[in-house]
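I am opening my notebook on a structure that is new to me, and I will write down what I look up in the order in which I look.

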Amino acid sequence: HDAALPLFRRALEITERTSGRYHPDVAIGLGNLAMSLEAQGNLEDALPLYGRALAIREQVYGEEHPSTMRTRRTMDNLRRKIYA
C-alpha cells in the first residue's frame with residue numbers, strides 16, 4: 001500500500017483536472033485513496049476523503065443509489081473504528 005498511495009494521489013489529481021472536481025470518477029479516485037490510507041491505519045486521513053466521495057455521489061446519483069449507500073456504510077464503519 002505504501003507504493004500505491006502516491007499513484008492514487010496522482011491519479012486523483014489528473015482525474016480532477018480533466019473531469020472536474022465533482023465527476024463520479026473523482027469519487028472513485030477518492031475512494032481508492034481513502035481505502036489505501038485506511039489499510040495503512042490512517043483512519044483520520046481517510047474519513048474526509050470518503051466524505052467528499054459521498055458528497056459527489058449524493059449530488060450525481062442521489063441519496064438512495066447503491067454507490068451512495070455503500071459509501072455511506074463505509075464511512076459509518078470507519079467512524080465506529082475511529083470513535084469506538
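In which helix is the place of Thr-68? I find Thr-68 in helix H4, which covers residues 66-83; helices here are DSSP runs of H or I with at least four residues, strands are runs of E with at least two, and both are numbered from the N terminus.

Before going on, I note that this is a predicted model, in which local features need pLDDT of at least 70 and side-chain atom pairs count only at pLDDT 80 or more, while totals for chains, interfaces and linings use all residues. Residues are numbered from 1 along each chain as its sequence is written, and side-chain values use heavy atoms, with hydrogens and water left out.

Is Thr-68 buried or exposed? Thr-68 counts as buried because its relative accessibility is 0%, where buried means under 20% relative accessible area, exposed over 50% and partly exposed in between, with a 1.4 Å probe and protein chains only. Leaving aside neighbours within four places in sequence, I see Thr-68 in contact (heavy atoms within 4.5 Å) with Leu-54, Arg-57, Glu-58, Tyr-61, Gly-62 and Glu-63.

I then looked at how H4 packs with helix H3, residues 43-61: the angle is about 160° and the axes are 9 Å apart. The axes are lines fitted to C-alpha atoms, for helices over the stretch in contact, and angles run from 0 to 180 degrees between N-to-C directions. H3 and H4 are therefore roughly antiparallel to each other, a term that applies to angles over 145 degrees.

Which residues meet there? Among them are Leu-54, Arg-57, Glu-58 and Tyr-61 in H3, and Thr-68, Thr-71, Met-75 and Leu-78 in H4. The residues of this contact of H3 with H4 divide into 11 nonpolar, five polar and six charged, with Ala, Val, Leu, Ile, Met, Phe, Trp, Tyr, Cys and Pro counted as nonpolar, Asp, Glu, Lys and Arg as charged, and the others, Gly among them, as polar.

For a second residue I looked up Asp-25, which lies in helix H2, residues 24-39. Asp-25 is partly exposed, with a relative accessible area of 39%, and its C-alpha atom is separated by 16 Å from that of Arg-70, 45 residues apart along the chain.

Last, I turned to the whole protein, which has four helices and zero strands. Of its 84 residues, 36% count as buried, and the C-alpha trace spans about 35 × 35 × 15 Å along its principal axes.

Methods
Parallel < 35°, antiparallel > 145°, perpendicular 65-115°, else oblique.
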